Amino acid sequence: MKKNILLFDLDGTLLDTLGDLMNATNIAISENGFPIRSYEEIKSFVGNGVAKLVARCLPDQEENPLYQKCLDRFTEIYKDHYDELTKPYDGVVDMLHQLKEEGYILILVSNKLQEVTEHLVDKFFPGIFDFVQGDMKGFPKKPAKEVIMRPIEELGLDVKNGIVIGDSDVDLDMANNVGIKAILVSWGFKPREYLEKLGSFKLVDSIAELLETIRGWSKENEGN
């Protein structure tokens with residue numbers, strides 16, 4: 001029997017983490033003499049990990065002489081304040097419980113640090129995910145295919161039965177890198193107009209539409 005696998009992104013898909021990311025970023029860069037960034041700017045900078053988020057706030061990005069100092073300060077702040085404003089999007093928790101009860105294998109794939117990712121999953125989604133893959137030292141980040149293949153291989157699953165659910169081009173690229181379908185949600189960190197131009201995937205605007213798409217694709221998969 002085929003096991004349908006759902007590979008969920010975290011930030012912008014399941015959790016609204018922007019408030020805590022923005023606070024830590026703006027404290028770190030302002031302390032080093034750079035202007036604070038707006039909510040919309042920070043929103044547009046996320047998706048490739050915190051190192052890239054901080055870099056995008058600075059002139060010359062990683063080449064800026066104060067980049068590492070800003071990143072270190074961000075890390076120092078964020079590790080103690082990453083779950084203060086963060087919360088699940090409406091309907092997400094019930095959706096995940098429904099999918100779990102229906103027998104789906106649920107995997108979390110994120111570019112957040114592994115320790116932070118595990119903490120947030122334990123706090124907001126305890127007992128739901130079968131595997132949690134975050135950013136680990138020396139391991140590739142999304143959209144590298146290894147981010148998907150590590151949990152797939154450790155659980156002894158067939159990647160062809162997987163669907164990526166995310167909110168950005170990074171998630172779509174990751175799905176394309178292993179040749180599986182992707183669903184992107186419009187309530188995340190990338191504007192709908194931006195997502196519409198990315199290519200072949202399903203774009204959904206609600207939890208109900210997301211569930212409908214997952215179940216429809218899963219039935220198609222069972223028939224193949």
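**Ground rules**

I number residues from 1 along each chain as its sequence is written, and my side-chain values use heavy atoms, with hydrogens and water left out. As this is a predicted model, local features need pLDDT of at least 70 and side-chain atom pairs count only at pLDDT 80 or more, while totals for chains, interfaces and linings use all residues.

**Entry 1: the cores**

I started with the nonpolar cores, meaning sets of buried Ala, Val, Leu, Ile, Met, Phe, Trp, Tyr and Cys residues joined through side-chain atoms within 4.5 Å. I call a residue buried under 20% relative accessible area, exposed over 50%, and partly exposed in between (1.4 Å probe, protein chains only).

Which members of the largest nonpolar core touch the most others? I found Phe 8, Leu 14, Leu 96, Phe 125 and Phe 129, out of 55 residues. I then looked up Phe 8 itself, taking contact as heavy atoms within 4.5 Å. Another core lies apart from the largest one, and its 22 residues include Leu 7, Ile 148, Leu 157 and Leu 172.

**Entry 2: the cavity**

On a 1 Å grid over the protein atoms alone, a cavity is a set of points where a 1.4 Å probe fits but cannot get out, and lining residues have an atom within 4 Å of a point. Grid points are joined across faces, edges and corners, and a volume is the space filled by probe spheres set on the points.

How many cavities of 30 Å³ or more does the whole structure hold? My search found one. The largest cavity has about 220 Å³ of space. I listed 19 lining residues, with Asp 11, Val 46, Gly 47, Asn 48 and Gly 49 nearest the centre.

At least two lining residues come from each of α3 (50-56), β4 (105-113) and α8 (169-178). The biggest share is from β4, with three residues. I also sorted the lining by type: six nonpolar, six polar and seven charged. Here Ala, Val, Leu, Ile, Met, Phe, Trp, Tyr, Cys and Pro count as nonpolar, Asp, Glu, Lys and Arg as charged, and the others, Gly among them, as polar.

**Entry 3: helix α6**

I noted that Gln 114, Val 116, Thr 117, Leu 120, Val 121 and Phe 124 are buried in α6 (residues 114-124). They sit on the same side of α6 because they cover an arc of only 165° around the axis, the arc being that of the directions from the helix axis to the C-beta atoms. An α-helix has 3.6 residues a turn, so residues three or four places apart point the same way. On the face turned away from the buried side, I found the exposed residues Glu 115 and Asp 122. The buried residues of α6 pack against several elements, among them α4 (67-78), α5 (92-101), β4 and β5 (131-135).

Most residues other than glycine have a negative phi, and most peptide bonds are trans. I looked up the exceptions listed next.

- Lys 142 and Pro 143 are joined by a cis peptide bond, with omega about 15°; Pro 143 is in the loop between β5 and α7 (146-154).
- Asp 60 is not a glycine, yet has a positive phi of about 70°; I found it in the loop between α3 and α4, exposed at 61% relative accessible area.
- Gln 61 also has a positive phi, near 50°, and is partly exposed at 31%.

Where is Ala 182? I found Ala 182 in strand β7 (residues 181-185), buried at 4% relative accessible area. Beyond four places in sequence, its contacts include Val 164, Leu 172 and Trp 217.

Val 185 and Asp 167 are 18 residues apart in sequence, with 5.1 Å from C-alpha to C-alpha. Among the contacts of Val 185 beyond four places are Gly 12, Ile 165, Asp 167 and Leu 210.

Technical notes:
1 Å grid on protein atoms, 1.4 Å probe; cavity = no way out; pocket = protein on both sides within 12 Å on 5 of 7 lines; lining within 4 Å. Helix = DSSP H or I, 4+ residues; strand = E, 2+ residues; numbered from the N terminus.
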